[in-house]
Amino acid sequence: MIRITKSQPAPAPLTTRGTRHLSKLQATQAADPAACQVPGNKLLESRDGIYNDSQVKARLLSDQHRKCCYCESRPTSVSYGDVEHFRPKGGYQQVRGGLLHKPGYYWLAYSWDNLYFACHLCNQEFKGNYFPLRNPAGRAKCHTDSLAQEQPLLPDPSTEDPARYLTFRQDAIMPRRASRRGQACIEAFGLDRPELISRRIEHLKRLMHARIIGGLDLSLPLNAMATQFLQEARLSLDEGRMLVADARRIWLEAALDTAEFAGMVRANFPHLPTV
Ligand SMILES: [Zn+2]
């Protein structure tokens, strides 16, 4: 996880159709709050055609550099991502796998601040409706309650820097200074799942290869190592220089917001530029 900057203003479908439907949701809740709390009720269901509109998803993808807001993977052609509600819209769980409390944060269903792009695994297989608070008694339960009193365990990546709570030792993710919020992130989003660790290991290996190749000196006269490299790789001098330049670029851009797994790279190589 890294900090995310949302572009402004909010995408039009949220401020037009979303605002209109939000008025209906608020009126429904105000008319019969008790009915809206009955388990399984669908009175405050939001419209996925609004928050899932292609304009909304395209903007999230652009703002997040096509990476999942939680694991920083780039979903591939075989694994699509979702528009994710940070505060769950339909119902919430204070305990993972526990009771689903109704209603959820229905009034944030079309709130730009509450939306992110997340991979299928982080969103659906792990986080789901889990949204624990350090102070459950302070939870906002309808649109007239204040969010300011809530103390979420999961940091919101557009208002807090997740690096305050999470760090890495090589591919292994861990809470920074035994942070409870860091541990909550790892568990909630499955940030230590085996397939994700494998991808981070491969990413670090590719970066190490880029660092080594980028360190080659192909200036004339060629030294023995450079001569051997070009011969064994069957490259011309120009081809070798392009490869070295590309490897240096990969290394120097590895901690930028645009890079996959930038949070892991920053923790391991804090001297690399981040902007
Ligand atoms: Zn993810």
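User: Which residues does Gln64 touch, not counting residues up to four places away in sequence?

Analyst: A quick word on the model before we start. It is predicted, so local features need pLDDT of at least 70 and side-chain atom pairs count only at pLDDT 80 or more, while totals for chains, interfaces and linings use all residues. Residues are numbered from 1 along each chain as its sequence is written, and side-chain values use heavy atoms, with hydrogens and water left out. Contact means heavy atoms within 4.5 Å. By that rule, Gln64 touches Ile4, Cys69, Tyr116 and Phe117.

User: Is Gln64 buried or exposed?

Analyst: Buried means under 20% relative accessible area, exposed over 50%, and partly exposed in between (1.4 Å probe, protein chains only). Gln64 has a relative accessible area of 4%, so Gln64 is buried. Of the 275 residues of the chain, 45% count as buried.

User: Where does Gln64 lie in the secondary structure?

Analyst: Helices (H or I, at least four residues) and strands (E, at least two) are DSSP runs, numbered from the N terminus. Gln64 sits in the loop between helix H4 (54-63) and strand S1 (81-85). The chain has 10 helices and four strands.

User: How is the chain divided into domains?

Analyst: Domain bounds come from an automatic or database domain assignment. Here they give domain 1 (12-189) and domain 2 (194-268). Their C-alpha centres lie 37 Å apart, and the contact takes 13 residues from domain 1 and 17 residues from domain 2.

User: What area is buried between domain 1 and domain 2?

Analyst: Buried area is the accessible area (1.4 Å probe) that two parts lose on being put together, summed over both. For this pair the value is about 1300 Å², and carbon and sulfur atoms give 51% of that. Glu72, Phe168 and Asp171 supply 42% of the area that domain 1 buries against domain 2, more than any other three residues.

User: How many salt bridges and polar contacts are there across the interface?

Analyst: Nine residue pairs are in polar contact between domain 1 and domain 2 (both at pLDDT 80 or more). On the side of domain 1 that touches domain 2, strand S3 (residues 166-169) gives the largest share, three residues.

Definitions and conventions: A polar contact is a pair of N or O atoms within 3.5 Å; within protein, one must be able to donate a hydrogen and the other to accept it, and residues adjacent in sequence count only if both atoms are side-chain atoms.
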